[in-house]
Amino acid sequence: MASESYDLVIIGSGPGGYVGAVRAGQLGLKTAIVEKDPTFGGTCLNVGCIPSKALLDSSEHYAMAQHDFEKHGIDISGIKLNLDNMMARKDKIVKDLTGGVAFLFKKNKVTPYVGKGRVLSQNQVEVTAADGSKQILETKNIMLATGSVVNELPSVPYDGKQIISSTEALGLPRVPKHLIVIGGGVIGLELGSVWLRLGAKVTVLEYFDRLCPTMDAQLTKRMETVLGKQGMEFLLQVKVLGAKTGKDGVTITYEDQKDKSQKTIEGDVVLVATGRKPFSEGLGLEELGIEKDKRGFVLVNEHLQTKYPNVYAIGDLIPGPMLAHKAEEEGVAVAETIAGHAGHVNYETVPSVVYTWPELASVGQTEEQLKERGVQYKSGTFMFAPNGRAKAMGSTDGMVKVLADANTDRLLGVHILGPRASDMIAEAVVAMEFGGSAEDLARTFHAHPTLSEVLREAALAVDKRARQS
Ligand code: FAD
Ligand code: NAD
């Protein structure tokens, strides 16, 4: 049991842990990172953000070749899906990026340990390798970054073949005939889109009366219409009661909450995407009395410290949006705090994106939240339909909504349903980070013709002076 000594030991190499480690290395902290899986990068790089976006991009090309090229005057025939190649491309991207993390550790003098980490005391982390051998790392500080795992729905337990989680949905060996998706949130809509584009019938069952219930209601309703036009089917306000698997498929029983009737639906594969839960199994938190809430999230103060000031927790393991960029910022903030800088995360400006087509992107408060909080606000909206670039692309579905304080004009929220909304939202994040107003966006140059002009028009519309409508 050799013992090494560090300034910081991080447990978990997801985007929170590995970006935190790189920053700590840059700041000159002697840093180690412990990862139980054979590759670095956590959920995001291995079974999350990256493989899902690779498949979204590939399937988008396939759908465009089938439905849109002709409108652009490009006639092609014999389009055929090669699913094996599509999956191999996705796997290569994952391999490149997870390998890239190992390179970053080397470059920034971060020592990786492959094994399961457990906190023995506020200054000791035990690492158990796959062969059972143990090692103890002495450390001045610990960063817990063990992330999250899928949240099983007790009435529809996973079997990994017919009833699957997002992980299996990223690597199905063939296109299902009918994919039933339980949960109309971000994973359901993204992976539902992938398989819909590749030829599956897709039905989404959602408990609430709209998709992505935490996002802006007007835009999510519009998104439902647009995805519906693409062929995705929705059963909203349904309560899933159980599942029965057979040789040919799965029967899901649900209650239609509108009339309380019990119904069934059959599919060959069921994707359960009803949220994720923090993962801290075997981490030793109970023994140390590190507090968690009743859903298992580790409780921290505004400096991301647990009850031990030198034991920090970040990312999906703590309350807040389960997003890679949120985890990254927290990892960086902790490294900077330890190095004596003013580590800080501005939770008011965490953007969130659903990578469907069109994409849904959002930052700040929704109109529903502003109403609930009694905030006086002004709203400006603008459609993509009249925008020259959107027309040129042939992608005119969607709109932008800008919400600003009624008295000060300060930006309170920006919501975009449209092509490349994921990239467009960055402008709104910067403006909000600088405490900007709707007028600031409205008076800023936007190159013509670009999609970003729609954001500017929505900002102008806050003051009722949109010019292109
Ligand atoms: P994780 O990425 O979960 O990493 C935790 C790491 O800790 C893992 O590698 C795990 O093996 C390791 N670990 C756990 N316990 C131990 C232990 N005891 N010892 C050693 N190692 C341990 N977010 C976005 O922002 N954009 C997206 O487009 C996006 N797409 C997603 C798509 C899917 C299908 C999924 C499932 C998630 C997606 N997310 C996305 C969410 C994103 O992946 C997470 O928010 C992010 O990975 C959280 O980072 P983290 O560092 O907190 O934890
Ligand atoms: P989610 O919270 O986004 O969506 C879950 C959906 O399931 C919700 O709409 C909820 O109302 C519904 N639901 C819950 N229980 C249900 C039930 N019994 N029957 C029917 N519907 C039910 O969760 P997710 O889609 O599983 O994603 C998990 C996490 O991963 C999210 O927190 C998300 O932030 C993250 N993620 C992010 C991205 C991205 O940023 N693009 C992509 C994928 C995942």
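Tutor: In this predicted model, ligand 2 is surrounded by 22 residues, and the closest are Ile187, Glu190, Glu206, Gly275 and Val353. Sorted by class, this shell holds 13 nonpolar, five polar and four charged residues.

Helix H6, which runs over residues 186–197, supplies the largest share of the shell, three residues. A polar backbone atom of Ile187 is 2.9 Å from an oxygen atom of ligand 2, and a polar backbone atom of Val186 is 3.3 Å from an oxygen atom of the ligand. Another backbone contact comes from Met322, with a backbone N or O atom 3.0 Å from an oxygen atom of ligand 2. On its own, ligand 2 has 850 Å² of accessible area, and the protein covers 76% of it.

As for the placement in the fold, domain 1 (3–150 + 277–345) and domain 2 (163–274) each give residues to the shell, so ligand 2 lies between them.

There is also a sheet to consider. Five strands make up an open sheet with parallel pairing, in the order S8-S15-S9-S10-S11. Its edge strands are S8 (163–164) and S11 (233–235), each of which pairs on one side only. The partner of S11 in that order is S10; strand S10 covers residues 201–205 and pairs with S11 in the parallel sense over three bridges. Within this part of the sheet, Val204 stands opposite Phe234 in S11.

Conventions. Residues are numbered from 1 along each chain as its sequence is written. Chains are lettered from A and ligands numbered from 1 in the order in which they are written. This is a predicted model: local features need pLDDT of at least 70, side-chain atom pairs count only at pLDDT 80 or more; totals for chains, interfaces and linings use all residues. Side-chain values use heavy atoms; hydrogens and water are left out. A residue is near a molecule or strand if one of its heavy atoms lies within 4 Å of it. A polar contact is a pair of N or O atoms within 3.5 Å; within protein, one must be able to donate a hydrogen and the other to accept it, and residues adjacent in sequence count only if both atoms are side-chain atoms. Accessible areas come from the Shrake-Rupley method with a 1.4 Å probe; for residues, only the protein chains shown count as cover. Helices (H or I, at least four residues) and strands (E, at least two) are DSSP runs, numbered from the N terminus. Ala, Val, Leu, Ile, Met, Phe, Trp, Tyr, Cys and Pro count as nonpolar, Asp, Glu, Lys and Arg as charged, and the others, Gly among them, as polar. Domain bounds come from an automatic or database domain assignment. Two strands pair if DSSP finds at least two bridges between them.
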